[in-house]
Amino acid sequence: MLFASDLDQTLIYSRNSMGMEITEEELVEVERYEGKPLSFMTKKSQSALWNIHASAFFLPVTTRTQAQYERVTGIFNGQQAPRFAIVSNGAVILENGKPIKEWSEEIRQQCVSRKTIISELLPEIERHFSEDWVLKVKEAEEWFVYLIVDRARFPEDKLDFYTTVFKELGWGMSLQGRKLYFMPESITKAAAAMYIKERIGASYVLAAGDSLLDLDLLESADYGIVASHGEAVKSRVSMSGHIHKTDKHGIKVGEEILARVAEISLQRQ
Ligand SMILES: [Mg+2]
């Protein structure tokens with residue numbers, strides 16, 4: 001069984017995204033950035049994640065770039081890191097910490113042939129997003145773009161319009177906290193996870209996530225768990241029957257997901 005899971009706001013949380021009261025004793029730091037603790041999971045989640053190793057193959061599937069993923073060492077503290085990790089939303093697959101070149105070259109070709117490359121996108125962003133609520137325009141390696149936006153001034157009512165405009169150009173949009181992502185349609189978590197499914201010969205995929213960028217992964221899995229607090233649920237998009245919403249909201253969602261994974265892997269043994 002393959003357990004393919006998003007990280008941020010699914011298994012790990014920043015102080016701002018925890019969404020509930022939690023004591024310091026319940027938390028473990030999993031990421032440090034510029035000397036400061038940045039992301040956390042509950043101790044219960046961390047030990048549950050270690051315990052599923054015997055029955056399920058854990059595959060981190062994140063929109064973080066390789067460098068950003070490499071900061072999240074606390075998840076595996078004292079334990080072996082997973083053999084594979086999907087980073088940059090599926091544009092890059094790490095095997096024992098190194099990108100699989102052929103995979104990324106194939107994705108690159110698809111992006112070039114569909115003209116969903118950053119140099120084509122930037123003028124469109126400039127056209128639609130010149131307002132002062134755009135604080136920064138960031139490029140994630142050569143793959144995709146995200147804006148840092150001022151959420152207080154961001155016009156949420158125009159999001160559907162933007163989504164339609166950029167979809168026609170081959171870019172998917174996702175708003176997560178202060179980040180507004182523009183993702184080429186060729187870069188999906190699902191495709192990369194299916195590649196790993198083949199590689200390891202898994203017969204069953206259980207996937208977890210919270211955002212619109214996780215939807216294709218959840219849809220492609222045999223069983224999906226979506227965080228109730230996340231963008232995917234809030235945006236009210238339709239989801240297939242095999243995708244289940246969590247009962248909990250906030251950081252404890254991690255525990256709920258891992259309990260479900262343990263339960264299902266036990267049933268399948
Ligand atoms: Mg997430």
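**View 1. Asp214 and the backbone of Ser211.** In this predicted model, a polar atom of the Asp214 side chain lies 2.9 Å from the backbone nitrogen of Ser211. The side chain of Asp214 also joins that of Lys189 through a polar contact of 2.5 Å (a pair of N or O atoms within 3.5 Å; within protein, one must be able to donate a hydrogen and the other to accept it, and residues adjacent in sequence count only if both atoms are side-chain atoms). You will find Asp214 in the loop between strand E13 (205–209) and helix H7 (215–220); helices (H or I, at least four residues) and strands (E, at least two) are DSSP runs, numbered from the N terminus. Asp214 counts as buried because its relative accessibility is 0% (buried means under 20% relative accessible area, exposed over 50%, partly exposed in between, with a 1.4 Å probe and protein chains only). Leaving aside neighbours within four places in sequence, Asp214 is in contact (heavy atoms within 4.5 Å) with Asp6, Lys189 and Gly209.

View 2. Asp6 (OD), Asp8 (O) and Asp210 (OD) coordinate the magnesium ion at 2.1 to 2.2 Å. Along the chain, these donors follow the spacing D-x1-D-x201-D. Donors are N, O and S atoms within 2.8 Å of the metal (3.2 Å for Na, K and Ca), and water is not among the atoms, so sites may look incomplete. Asp6 has 5% relative accessibility, so this residue counts as buried.

**View 3. His128 at the end of its helix run.** Helix H4 covers residues 118–128 and includes His128. With 18% relative accessibility, His128 counts as buried. Beyond its neighbours within four places in sequence, His128 is in contact with Phe161, Tyr162, Val165 and Phe166.

**View 4. Thr23 and Thr42.** Thr23 sits in the loop between strand E2 (13–14) and strand E3 (27–33). Its relative accessible area is 38%, so Thr23 is partly exposed. From C-alpha to C-alpha, Thr23 and Thr42 are 9.7 Å apart in space, and 19 residues separate them in sequence.

**Notes for all views.** Residues are numbered from 1 along each chain as its sequence is written, and side-chain values use heavy atoms, with hydrogens and water left out. Because this is a predicted model, local features need pLDDT of at least 70 and side-chain atom pairs count only at pLDDT 80 or more, while totals for chains, interfaces and linings use all residues.
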